[in-house]
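Please look over the sequence and the model shown here before reading on.

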Amino acid sequence: MASFKPTKIQIYPQLGAKVTQDTLYWKNYKAPVQVKEFGAITNIDFSPLAPHNYAVTASTRIHIYGPFSQEPVKTFTRFKDTAYSGRFRSDGQLLVAGCEDSVVRLFDVSGKVALRMFKGHTKAVHVADFTSDCYHILTCSDDYTCCLWDIPNSTELTKYKEHSDYIRCGATSKLNKDLFVTGSYDHTLKMFDARVQKSVMTMDHNHPVESVLFYPSEGLLVSAGGRYVKVWDLLKRGQPLVSLKNHHKTVTCLCLSGNGQRLLSASLDRHVKVYNTTNYKVVHSFDYTASILSLALAPEDESVVVGMTNGILSIKHRKTSEEKQGPTGQPRRQPVFRVFVKGRNCVPKQDDFLVSKSAKSHLAKYDKQLKRFNVSKALDTALESWKKNRKPEITVAVIKELDRRGTLKNALAGRDEQNLSQLVNFLIGNVVDPRFAPVLVTATEMILDIYKAVVGQSSVVDRQLVRLQELVEREIDYQQDLLEVLGMLDTLFASTLPRKEVPCPGNSQPNGLAEVDPGPQLRVA
Amino acid sequence: MVEHTGIRVVHRGGSKINFREPVITSDSRFLLCGSGESVKVYSTSTEECVHDLQGHTDLVTGVVLNPSNHLQAYSCSADGTVRLWDFTDGILIKTFIIRYHIFSIHVSEKHVGVLFVVVPMANEKGSELFQLVAVHLPRSGDPEVEVGELSAVLCDVSPNPGAVSFGTGGEYIAAAKGLQLEVFFFKKQKSYRFSLKSGMNKGINNSFTCISCHPKEDCIATGHADGKIRLWRNFNQKKEYTYSTLHWHHNAVNTLRFTPEGTNLLSGGIESVLVQWRYTQENQKDFLPRLGAAITHIAVSPDGSLFCTSHADNKITIILSSVKVSAIIQGLVKDDCVRTDLMIDPRSKALVLNGKPGHLQFYSLHRDKQLYNLDIVQQEYIHEQGVDQFQVVKAAFDTHGDWLATVEERRQKSSELEINLKLWSYDEQTQSFVLNTTVTAPHEDQITAMCFSPSPETTLLVTTSLDGHFKAWLLADHSDTEESASWSCDFVGGYHLLKPGCCCFSADGSLLAFGFQEVVTVWSPTSWELLTTLSQPPGAVRDLCFGRLSCSKYLLGTSTKNQLCCWNLLTCSLEWNTPMDVSLLQADPFSENMAAFCSQSGSTDLFVFKPSEPRPLFSKKALCTGKVERAIFAPRDQMLESSEEYSQWLNRSQLYFLTQHMDLMTFSTKTEEDRLLASSKQLMVDDSVAITPFYLLLGRHKQQQQEKQELLTNPLAERTPLPQGSIAIKELLDTPAHVLPSASFLCSMFVRSLLVSSSSARVEKEPAEEEMKSESEEVDSDGEADLFQPKQELWGSAAQDPVEESGAPVLTKAQERELRRVKKLDLSWLSSLLDC
């Protein structure tokens with residue numbers, strides 16, 4: 001006597017991206033905190049010092065936020081016009097910022113008034129950064145020049161006039177105090193050495209360059225411009241290594257993860273993409289609500305801060321280990337000790353006689369009804385489960401099982417208005433799903449056959465039936481469109497694929513009956 | 001043409017055991033059932049076949065116990081004889097020749113020396129009318145007796161044995177046919193007929209299907225085709241009979257049976273539920289559901305302790321009276337057709353084919369026993385007529401038996417075809433196949449062929465389908481994620497939208513051939529490149545087979561238009577062809593040989609040949625009637641060493657085939673039969689213990705031990721090994737514990753009793769060997785006298801051992817020596833044991 005075999009619930013393949021280590025890592029952030037700034041956020045920079053405050057440059061202000069506060073801990077407002085590129089020095093004490101009015105200001109992080117003002121550029125300064133020895137400042141301006149300034153004297157040291165368009169990005173080397181790179185709208189990247197008066201290396205990006213970034217080793221350089229992100233090998237005289245085209249609008253900002261193994265790029269297309277720096281494949285991507293202008297990662301990737309054109313600053317903090325467990329509301333009621341724990345960790349001794357207790361198989365509610373051949377009730381319980389946890393798989397499996405038993409008609413018939421509307425509701429939700437369509441189409445036809453006599457008696461059901469009809473018509477149109485596209489693709493493929501000849505001996509030497517030489521033959525009497 | 005007489009075609013196992021009702025013997029130890037041309041005796045406790053009673057020359061149509069001797073049974077057969085057997089020893093006692101085609105047999109305790117058999121009215125096979133006749137068995141000592149005396153009891157009865165029953169210890173006999181119930185009273189020599197109104201116009205079919213009479217009261221229970229059971233009473237008058245109706249079954253009641261005391265009524269039908277009705281309290285019912293297949297017969301042991309039900313899937317279930325299944329005797333399940341091919345499981349060497357609906361069965365050919373069923377569909381089977389169920393239609397093993405692929409399909413009347421491809425991996429721990437991957441709708445239409453690549457490097461499966469494509473499935477390894485390895489589609493191919501019908505890998509797995517209707521395409525499975533096409537225009541390709549070993553350069557194909565072609569793959573040209581209507585081409589996996597079954601004018605011929613040689617190795621005309629669709633070469637567990645040319649092809653493997661009537665046949669050679677005969681003589685069968693390999697091992701060991709013991713205890717004590725020791729122990733164990741003296745006191749006695757016996761046995765050996773010659777005559781003379789002695793000895797020897805009887809003083813000395821040695825031994829451990 002065999003036991004009752006439960007209804008098989010079909011497992012459908014999970015569509016979409018596969019879960020990898022990267023998705024787990026990059027999804028492990030809390031819901032974003034959003035702060036409204038006064039204008040587009042052009043730059044975000046993290047302080048290298050311990051609480052890792054970050055400076056957000058937007059409109060005419062620079063706000064400094066603490067790691068967990070949503071209110072700025074400090075604000076610099078002494079700008080006559082839009083401020084740009086507020087960056088910390090490597091000791092976290094000083095902050096430099098360019099401005100639309102061509103003056104570069106240097107602030108003490110704790111102070112309010114600018115310590116130094118560097119005047120010399122004639123147009124807006126979009127880039128200002130400290131060199132690695134902390135005594136000089138690099139600035140790049142829309143007057144096609146870039147300058148090195150001495151902080152103590154606030155004097156101009158050198159001026160390079162090599163670019164032929166706005167310079168909108170630049171980066172100083174962290175390892176060498178004399179090296180820096182600038183990127184310009186004239187499509188070039190230039191590398192300068194402060195000890196010589198000319199650029200030492202020029203690379204052509206082919207698009208206006210929006211952002212440059214050194215690798216931690218500084219053997220590689222990443223530049224973003226247009227829709228492209230390009231990686232250059234500096235040790236091979238600026239040879240292009242890879243060109244990545246994963247965004248469909250201009251890439252505005254680049255950033256490296258804390259361990260230097262992932263590269264992040266932000267774009268006006270509202271996406272942030274995460275690349276693996278060994279194979280340059282996109283391993284993850286974030287979506288935001290508006291075009292992104294600036295992006296920064298806290299050390300150790302503790303938070304992701306994104307600034308957008310609509311002035312919204314979005315901050316995502318990494319989940320801590322206890323938060324990972326999920327919502328910690330009231331503790332779940334533990335099973336009673338006496339029942340569940342007793343003997344659970346008892347190890348049998350050597351001479352103990354083990355009595356195996358057969359595990360009682362628990363049947364699902366609908367299976368219990370099916371076992372008793374209560375077909376209508378089984379369908380009811382299956383619908384109930386769909387209402388409860390929105391899993392159409394179970395309901396569809398039960399309908400399929402009923403159809404296999406040949407009793408689906410009995411199960412569907414004899415329902416009142418409420419029951420029927422629930423059933424039609426389920427069909428409306430799932431009948432066009434390609435995974436369930438074969439089963440549900442039969443069920444729908446049966447329902448229409450059974451209840452066609454009473455159509456018009458209930459307004460609720462009638463409205464639902466009309467909705468169902470619209471749904472099916474829309475689906476048919478959609479399928480027709482898809483078939484048309486498929487046909488187009490087929491012709492395209494057929495015309496582009498090379499035609500290959502199959503070596504067929506039958507063409508040259510036919511192996512028909514007549515040509516065969518009288519070889520050894522099986523003799524049959 | 002050579003016809004060989006040395007090779008015979010023989011039936012091999014797998015016959016029906018559910019054709020007629022089984023019989024349980026009065027001690028409930030054995031179960032007798034007709035199985036093909038023999039009667040099989042099974043042990044009810046171990047499910048093993050104990051005896052195979054052979055002697056009938058046609059289908060056995062009934063088995064009953066001899067009412068006057070409970071150790072004997074009658075069996076009747078379509079060959080027109082009734083045979084009387086002693087089933088405990090498996091001996092044929094008597095043969096009664098009746099010369100009619102017998103359909104069933106009935107006996108009653110009241111009618112000693114009379115058998116009731118159902119025979120056709122006119123002695124023709126095709127006759128539609130049957131009569132129940134009484135056969136008076138002549139008393140004669142001859143083993144074969146001609147029976148002349150037949151007296152008709154009832155005319156126009158149903159040939160179904162379930163439709164005739166004896167009532168109240170044989171006072172009357174009741175038979176049902178169509179819509180009529182006929183009761184014949186032996187005392188009055190009068191019969192009454194009762195008929196039901198036909199319910200055909202109301203859409204009800206209430207004809208009788210089975211009948212059972214209450215053993216104590218005047219009550220007849222009848223089963224009907226509409227699922228009703230009627231209980232007839234007061235039927236010894238023509239008019240005032242009454243009946244009550246019970247209804248639970250929704251399909252026809254196949255069988256009915258009262259228990260011997262008449263307290264319960266058992267019924268069964270297609271629902272495969274055994275229903276137990278309480279007599280007189282019919283609303284109380286017990287059910288035993290999900291017995292596996294439709295119940296065809298129910299039998300009850302004479303003491304009422306066991307029931308057994310036989311089922312449509314060639315199974316007998318033994319059920320305790322507490323309605324619990326205790327044993328299952330399962331034969332080879334043969335549906336009306338074998339959808340999957342015959343296969344050999346490379347691990348267990350079992351024959352594999354589809355069995356119960358939705359299952360694959362593994363059947364041991366050597367032991368003629370089903371090993372196990374593998375549930376493929378894993379769905380509740382609905383026992384109802386007219387429900388489309390999933391059926392296993394294709395199955396394939398890879399070369400090592402690590403993977404099994406199965407295809408199941410369900411065709412509904414209105415909607416589309418449902419196909420599932422399942423891949424099973426062999427689990428070493430559970431010793432069975434575990435589901436690995438399920439592919440729903442692998443193809444859009446029926447799958448026509450499926451095979452695994454034989455190459456050891458890749459696990460590759462190829463399926464071909466009527467949708468014009470073939471697909472290659474590969475075991476993909478997901479080592480980067482947590483998922484275990486699963487199968488996925490690797491390649492989809494086709495050829496000019498033709499429908500592929502068959503596929504075949506070459507022996508090393510480097511080539512793959514598909515038959516696309518009239519064209520054979522050869523592909524390379526590594527690059528999926530179409531290497532060449534071969535064609536032989538008239539007729540679509542039916543079967544493809546690569547040659548093996550020395551003939552691996554040949555590809556053989558059969559077509560529907562009577563062609564057997566052999567292509568040479570090196571030159572890509574036709575080597576030879578011959579006009580033959582080959583219904584099946586099968587390659588022997590252990591040699592170059594090929595077997596071709598050709599159907600010719602209603603019968604089948606067999607040719608066994610090598611592709612490289614023009615002459616067939618073996619041929620047999622008119623093998624059987626009808627087409628042979630399924631055949632398989634099964635490996636032998638022991639190689640034959642036949643040197644004769646015509647039987648050499650059977651040395652390494654054995655060819656089995658299924659005929660149109662689903663008989664499993666094979667070829668046997670003379671050497672094989674001789675060997676079988678020799679081995680069967682060796683076996684001495686103990687009663688009720690079946691000859692399993694385990695028994696053979698243990699039994700032989702036991703025999704040897706016995707012989708040894710006899711050698712030891714001979715000539716003095718016959719078969720009473722160590723009587724004094726055993727009696728002392730017995731006494732010790734039988735006495736209640738509170739009467740016994742303390743254990744420490746007993747211990748020394750106990751140890752001594754053991755010592756004496758062992759020393760005597762050991763010392764005995766030496767003189768026995770020394771004096772073997774001199775005593776041999778003595779033994780012979782003593783032998784007869786001693787026959788009556790052992791019992792006395794048994795009682796008398798508690799104090800004096802038999803060694804002393806022989807009066808050898810040497811022995812007592814040896815004993816003393818032994819005892820002294822024992823005294824010196826430190827036995828304190830024993831006392832400490834006893835103290836605590």
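**Helix contacts in chain A**

In this predicted model, A:Leu379, A:Asp380, A:Leu383, A:Glu384, A:Trp386 and A:Lys387 of α4(A) are in contact with A:Asn419, A:Gln422, A:Leu423, A:Asn425, A:Phe426 and A:Asn430 of α7(A), where contact means heavy atoms within 4.5 Å. Local features need pLDDT of at least 70 and side-chain atom pairs count only at pLDDT 80 or more, while totals for chains, interfaces and linings use all residues. Residues are numbered from 1 along each chain as its sequence is written, chains are lettered from A and ligands numbered from 1 in the order in which they are written, and side-chain values use heavy atoms, with hydrogens and water left out.

**Helix packing**

- The axes of α4(A) and helix α7 (residues 417-430) of chain A come within 11 Å and cross at roughly 55° (axes are lines fitted to C-alpha atoms, for helices over the stretch in contact, and angles run from 0 to 180 degrees between N-to-C directions).
- That angle makes α4(A) oblique to α7(A) (under 35 degrees counts as roughly parallel, over 145 as roughly antiparallel, 65 to 115 as roughly perpendicular and the rest as oblique).
- Helix α4 (residues 375-389) and helix α5 (residues 392-405) of chain A pack at about 165° with their axes 8 Å apart, which makes α4(A) roughly antiparallel to α5(A).
- On the α4(A) side of this second pairing, the residues include A:Val375, A:Ala378 and A:Leu379, and among those they meet in α5(A) are A:Pro392, A:Ile394 and A:Thr395.
- Helix α8 (residues 437-451) of chain A packs against α7(A) at an angle of about 145°, with the axes 11 Å apart; A:Leu420, A:Leu423, A:Phe426, A:Leu427 and A:Asn430 of α7(A) make this contact with A:Leu440, A:Thr444, A:Ile447 and A:Tyr451 of α8(A).

**Salt bridges**

- Over all chains, the structure holds 30 salt bridges (a side-chain nitrogen of Lys or Arg within 4 Å of a carboxyl oxygen of Asp or Glu).
- One of them joins A:Arg168 and A:Asp142 at 3.2 Å, N to O; A:Arg168 lies in strand β14 (residues 167-172) and A:Asp142 in the loop between β11 (136-141) and β12 (146-150), so the pair ties together parts that are 26 residues apart in sequence.

Definitions and conventions. Helix = DSSP H or I, 4+ residues; strand = E, 2+ residues; numbered from the N terminus.
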